[in-house]
Amino acid sequence: QFLADVGQKTQVVGDDLLVTNPTRVKKATAAKACNALLLKVNQIGSVTEAIQAANMSFMAGWGVMVSHRSGETEDVFIADLAVGLAAGQIKTGAPCRSERLAKYNQLIRIEEELGSLATYAGLQFRQPLGAPKKVVVVGWGPVGHCAIEELLEKAKEPTTITILCDEPYAAYNRVKLTSFFQHRSPEKLAFAGELWCQEKNINLIFGAAESIDKGAKVVKYKTRKGESGSVTYDSLILTTGSKPFVPPLPGLDSKAAGICLYRTIDDCVAIIERAKATKKAAVIGGGLLGLEAAKALYDLGMEAHIVERSPHLMPVQVDTVGGALLKTKVEALGIKVHVGCNPIEVVVSNGEVTGLKVSENGSESILEVGLVCVSTGVRPRDELAKAAGLEMGARGGVRVNEKQQTSDPHIFAAGEVASIKGGMCYGLSAPGREQAKVMVANLTSSGPAEYKGSDLSTKLKLLGVDLASFGAEAAFWFDQQYTSTDAAKVKTMVAEDKAKGTYKKLVFTPAADKLLGGILVGDIDDYAKLLAIAKKGSLTGLTPQQLLDGNIPVDDGGDGTNLAEDDQVCNCHGVPKGVIKKAILDGAETFEDIRKCTKAGTGCGTCISTGPVPKLLAATLQKMGKKVGACPPALPFPVADIEDLCKERCLKTLPAVLGSIGAPGCEKDTAACTPVVQPLLDSLFNGKIKGEGLDYVGQLKALRKDLFAFVDKQNCNPILVRLAWHDSGTFDKNRTEWPDMGGANGSIIYAPEINHGANNGLNKGVNFLKPFKTDYPLVSWADLIQMASAVSIEHAGGPKIPMKYGRVDVAGPEACPEGTSRGTAGNAGLPDAAMPFGCGATDAATHLRNIFHRMGFTDQEIVALSGAHTLGRAFKERSGTVDEGYGEANACPFTKSVGLCPVRHDGKAGVGMPGGKSWTKAWLKFDNSYYKEYAENNKDLLWLPTDRALHEDPEFKKTFVLYKDDQAAFFEGYSAAHKKLSELGSKFEPSEGIFID
């Protein structure tokens with residue numbers, strides 16, 4: 001109330017304990033507790049935090065002042081330096097002599113960091129540095145992120161940036177969306193996150209813009225939690241992208257389970273969840289996104305159909321012959337392709353998809369599928385712009401001029417929502433980035449710049465098939481030069497090798513003096529060279545036949561890339577070879593270094609995976625005399641990168657590897673490379689597994705080492721612990737026959753058990769372990785699951801469990817316990833998260849005893865096992881017991897990918913999939929925090945009725961308090977209980993088990 005009454009005339013500084021660091025500034029801003037920041041020079045502990053606190057205060061419109069300790073006054077000049085933190089009143093006085101040098105150095109750094117925000121003492125503290133320019137960005141996709149990066153680099157005046165992001169995830173790479181089905185980690189797709197925004201002093205709001213008031217320059221929004229708000233702007237950037245087009249088919253407009261889109265991470269999650277209920281799917285649309293969706297379904301092990309209306313696949317990029325070859329290659333994988341096929345109706349029964357009715361070859365039929373994925377193109381997300389009264393394009397999208405400016409001079413747009421001069425909306429990310437750069441150049445007056453169109457050439461690897469379509473100008477596609485047979489307009493040359501499965505089509509001007517474009521299927525090695533020639537406007541002294549034959553000599557400086565310095569390597573970001581080479585000469589030694597220095601490889605990634613970057617890196621490092629990587633100088637890459645490149649390029653022999661990605665002249669240098677590369681090739685292509693030649697004990701030892709490395713990379717400790725617990729947790733001591741007694745017998749890998757509600761999400765854990773089962777076939781599933789759990793506990797800093805191995809797997813799904821067989825509702829005896837309890841108990845303590853006493857555990861062991869909740873979290877989408885779900889915006893403070901993110905016992909941080917709610921703050925660290933942090937009564941930590949019972953029930957509480965005060969006692973008790981749980985119901989061969997320690 002005081003602030004409301006006098007805050008417009010008075011600077012109100014909060015208590016020192018409230019606003020002396022960025023976290024407290026953020027808290028005070030949210031609470032509207034004050035409107036000014038006081039930084040005491042003698043109390044500045046971290047220059048970085050002081051700068052961040054000052055910038056956060058500027059963004060909030062606060063005044064900022066710096067106070068020196070009273071005392072000696074001869075060092076008055078320090079007072080001027082202090083104003084590097086603010087423009088305002090300076091209290092007289094200076095640091096004492098003992099502090100002088102250290103504080104002077106701190107203030108110099110602060111002034112340098114703040115740059116244009118640093119000024120000398122002003123007369124009026126009330127006035128901050130002059131209101132910074134306010135830029136609001138609506139839509140945080142690839143184009144929006146590019147615009148923000150450009151703003152950070154090009155802004156000439158103090159600028160505050162606010163992002164409105166309507167997805168629950170930070171900006172991520174949609175081009176690589178298909179890879180999500182392998183790693184299931186938004187973090188691996190992310191361009192940036194909340195921590196990046198904090199470091200850049202960007203205000204990130206997870207919410208959807210609802211309206212624009214152009215007169216007031218206000219955007220109203222609603223957060224994902226339903227809270228309404230507004231933000232003012234001086235300049236507004238619209239990068240809202242596009243949305244999937246859903247054709248008007250009967251049944252497709254329903255909310256039936258099994259109707260999916262393919263555009264976002266949430267769409268991928270929905271497909272993964274639906275794949276648990278059905279193994280047959282159809283994709284409507286055989287274009288680029290349709291084939292990517294089919295690849296996702298294929299990776300999930302589903303029977304997949306592609307339904308395309310046109311006579312061939314990818315009709316926008318390739319011609320009939322190329323499309324037919326592509327169809328042959330896709331069908332060879334086992335995917336059923338229906339071209340010239342019209343979808344008629346999505347068949348729905350009892351709220352679920354059961355089929356797709358189609359018309360094919362003159363007759364109607366029903367494809368029996370339980371999932372229909374719609375991938376029939378996109379439309380601009382222009383509703384916000386249209387409602388604001390902005391001028392629209394003829395076919396949708398907000399009209400922009402050559403400066404990317406809309407009909408309102410204060411509003412700009414770029415990417416798929418931008419209709420260039422009222423015409424085309426570009427649907428690729430590369431043109432969107434080019435538009436973003438032009439837009440920001442004009443917005444920041446760092447231009448002038450005009451957008452004059454983009455290269456629409458694409459190089460792809462779809463379903464294992466290399467494909468490229470390139471053109472000198474957009475007319476190659478829009479005027480259908482790539483399919484033309486008119487000799488007056490084009491001259492076409494074709495080379496097809498059906499045996500090798502390759503197709504090359506080059507289109508020239510009628511006089512054959514200029515390359516207009518081309519199509520490559522199966523072999524795209526000449527893509528970069530041909531594209532460079534097409535853009536040069538002449539054949540550079542070559543003949544059309546030489547181009548067709550691949551006889552394209554280029555002065556590449558001897559690096560083997562066949563590219564000149566100014567030839568483009570990365571289409572997504574427009575990066576030429578010379579820029580990448582300079583980055584290597586300046587110190588870049590890995591693909592990750594190149595991505596950071598040049599952005600090459602951060603789009604679709606093909607310039608690395610199938611393009612010239614590896615060859616360029618190897619050649620340049622060799623010339624520099626640098627020896628890095630696994631096999632220098634021939635292959636200066638880490639082993640993991642060599643494996644990925646061999647897989648992507650299908651390099652099956654060492655000479656092929658050296659020829660494709662090795663340094664020039666090293667093709668015969670096989671001696672040093674064979675020990676590293678040959679095992680990779682044997683594993684990838686020759687059917688040789690890691691465990692080959694090892695007995696059971698040998699495979700167990702090698703497996704444990706591999707599992708530890710895998711857990712260290714994936715941070716997947718919680719799910720592997722949960723998987724093992726749930727395999728064991730069906731044990732019933734009252735049953736005497738194996739496998740009827742349940743327990744650790746591997747039955748959880750089968751559908752009847754993995755689909756129990758309590759096991760929701762554990763398919764991911766099984767999928768994590770499948771490659772290990774392939775590499776170490778002697779090891780049973782039961783042993784693999786239990787070893788992964790023990791390794792996860794140890795990796796997280798917990799005790800080393802004295803495990804016994806030799807478990808025998810059940811024969812098949814018939815051995816899975818029925819849901820109600822243990823008398824505890826439908827989860828085969830596993831604990832319920834909350835009431836009503838399936839066992840009939842009326843309180844949580846009784847429920848825990850009913851569950852665990854059935855397995856043979858004591859009260860003390862129940863409390864010990866519960867301590868494993870120090871690892872992991874719960875999700876709304878899995879258990880339904882919490883409000884927090886998938887994604888950054890749906891996370892609690894401890895399950896975000898930044899800020900208070902989980903810290904491992906070794907000090908590293910990592911989340912994987914952000915979101916959910918955890919029991920402890922550092923939920924990737926195994927210690928006794930579970931017993932200690934409950935006392936904080938922190939609403940952001942998970943505390944279920946069964947958790948509360950452990951410190952409320954008198955008998956449970958004795959052990960609970962012991963473990964709270966004595967971590968060593970907890971580790972001892974937990975280790976014994978975990979070992980016991982891992983052996984419940986297990987049948988060992990030999991009967992005494994196998995020990996590897």
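Predicted model: local features only at pLDDT ≥ 70, side-chain atom pairs only at ≥ 80, totals over all residues.
Three strands form an open sheet in the order E14-E15-E16, and their pairing is antiparallel. Strand E14 covers residues 341-349 and strand E16 covers 363-367; both stand at the edges with a single partner strand each, so one side of each has no neighbour in the sheet. On average, and with direction ignored, neighbouring strands of this sheet are turned by 25 degrees against each other. E14 pairs with strand E15, residues 352-360, in the antiparallel sense over eight bridges. Within this part of the sheet, Cys341 stands opposite Glu360 in E15.

Next come helices H17 and H20. H17 spans residues 577-585 and H20 spans residues 613-624; the two pack at an angle of about 40 degrees, and their axes are 10 Å apart. That angle makes H17 oblique to H20, because angles under 35 degrees would count as roughly parallel. The crossing of H17 and H20 is right-handed. On the H17 side, the residues in contact are Lys577, Ile580, Lys581, Ile584 and Leu585, and they meet Val613, Leu616, Leu617, Thr620, Leu621 and Met624 in H20. Sorted by class, this contact of H17 with H20 has eight nonpolar residues, one polar residue and two charged residues.

Aromatic rings are the next topic. A pair of such rings is described by the distance of the centres and the angle of the planes. The structure holds 25 aromatic pairs. Phe710 and Phe772 form an aromatic pair with 5.2 Å from centre to centre and 80 degrees between the planes, which is edge-to-face. Phe710 lies in helix H24 (residues 696-714) and Phe772 in helix H27 (residues 763-775), so this pair ties together parts that are 62 residues apart in sequence.

Helix H27 also has a helix partner. The axes of H27 and helix H28, which spans residues 781-795, come within 11 Å and cross at roughly 120 degrees. H27 and H28 are therefore oblique to each other, and their crossing is right-handed. What does Phe772 meet in H28, together with its neighbours in the contact? Val766, Leu769, Lys770, Phe772 and Lys773 in H27 meet Trp781, Leu784, Ile785 and Ala788 in H28. By class, the contact of H27 with H28 has seven nonpolar, no polar and two charged residues.

Note on methods. Residues numbered from 1 in each chain as written. Heavy atoms only, no water. Axes fitted to C-alpha atoms, helices over the stretch in contact; angles between N-to-C directions. Helix = DSSP H or I, 4+ residues; strand = E, 2+ residues; numbered from the N terminus. Parallel < 35°, antiparallel > 145°, perpendicular 65-115°, else oblique. Left-handed = near helix turned anticlockwise from the far one by under 90°. Contact = heavy atoms within 4.5 Å. Nonpolar A, V, L, I, M, F, W, Y, C, P; charged D, E, K, R; others polar. Pairing = 2+ DSSP bridges. Phe/Tyr/Trp six-rings, centres within 6.5 Å; stacked < 30°, edge-to-face > 60°.
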